[in-house]
Amino acid sequence: MTGMHVIVTTDGSRQSLQAARKFKSFADPDKISDISVIAVVRPLAAVGFSDDLAPSKTSKFEALDFRKAAESAVASVATEFAGWGPPVHKRIRSGSPANEIIKAASQIGAGLIVVASGGRGLSDTVLMGSTAQRIQHYAPCPVLVVRPTPRKPRKKA
């Protein structure tokens, strides 16, 4: 029996790492043939690919290297699946995040896409993950949208 190929997306946010961990917490590695961790770099973006998952803070100059930040984010998420079972593929694509993820899903015959809701955006309400919404609407396979874990309100001293 062959398993399904799963795409796990990252935009460099902590939410995307949480989404990967959530998926791993209940998925059966024996039913998954491959995992592709995908990040998409927007070539002409005014706001770069921000990597909250990097082990150390990068200089302002390094932060301009969106591809390097994307590679670092993909590596961080891929590490979550190291030794778990299925082979892990790291992929960087360039273009519109939703379009590229949908294209990748079609090209590899993905059985599932894992995406965080509201990773990077202007606000949680305006972009409730507009990328997640578009992927959900147009994907050729089921989409697991993982909402961020709500923060506990801080107690006032």
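Helix 4 has 12 residues, and its first and last C-alpha atoms lie 16 Å apart, close to the 16 Å expected at 1.5 Å a residue; the expected span is 1.5 Å times one less than the number of residues. Helices here are DSSP runs of H or I with at least four residues, strands are E runs of at least two, and both are numbered from the N terminus. This is a predicted model, in which local features need pLDDT of at least 70 and side-chain atom pairs count only at pLDDT 80 or more, while totals for chains, interfaces and linings use all residues. Residues are numbered from 1 along each chain as its sequence is written, and side-chain values use heavy atoms, with hydrogens and water left out.

To stay with helix 4: Pro97, Ala98, Glu100, Ile101, Ile102, Ala104 and Ala105 are buried in it. Buried means under 20% relative accessible area, exposed means over 50%, and partly exposed is in between, with a 1.4 Å probe and protein chains only. What covers these buried residues of helix 4 includes strands 1, 2, 3 and 4 and helix 5, residues 130-138. After helix 4 comes glycine 109, with a positive phi near 65°.

Isoleucine 102 lies in helix 4, residues 97-108, and has a relative accessible area of 15%, so it counts as buried. Which residues does isoleucine 102 contact, leaving aside neighbours within four places in sequence? They are Arg134, Ile135, Tyr138, Ala139 and Pro140, where contact means heavy atoms within 4.5 Å. Cysteine 141 is 39 residues from isoleucine 102 along the chain, and their C-alpha atoms are separated by 9.1 Å.

Next, strand 4. Strand 4 pairs in the parallel sense with strand 1, residues 4-9, over 3 bridges; two strands pair if DSSP finds at least two bridges between them. In that pairing, isoleucine 7 stands opposite isoleucine 113. Strand 4 also pairs with strand 5, residues 143-146, in the parallel sense over 4 bridges, and there valine 115 stands opposite valine 145.

Now the cores. A nonpolar core is a set of buried Ala, Val, Leu, Ile, Met, Phe, Trp, Tyr and Cys residues joined through side-chain atoms within 4.5 Å. The largest has 24 residues, and Val8, Phe23, Phe81 and Val114 have the most contacts inside it. Strand 1, helix 1 (14-26), strand 2 (32-41), helix 3 (66-80) and strand 4 each give two or more residues to this core. A second, separate core has 16 residues, including Ala104, Ile113, Ile135 and Cys141.

Last, the aromatic residues. The structure holds 4 aromatic pairs; rings of Phe, Tyr and Trp (its six-membered ring) pair if their centres lie within 6.5 Å, with planes under 30 degrees apart counted as stacked, over 60 as edge-to-face and the rest as tilted. Phenylalanine 23 and phenylalanine 81 form a tilted pair, at 6.3 Å centre to centre and 55° between the planes. The two are 58 residues apart: phenylalanine 23 is in helix 1, and phenylalanine 81 is in the loop between helix 3 and strand 3 (88-94). Phenylalanine 23 also pairs edge-to-face with tryptophan 84, at 6.3 Å centre to centre and 70° between the planes. Phe23, Phe26, Phe81 and Trp84 form one aromatic cluster.
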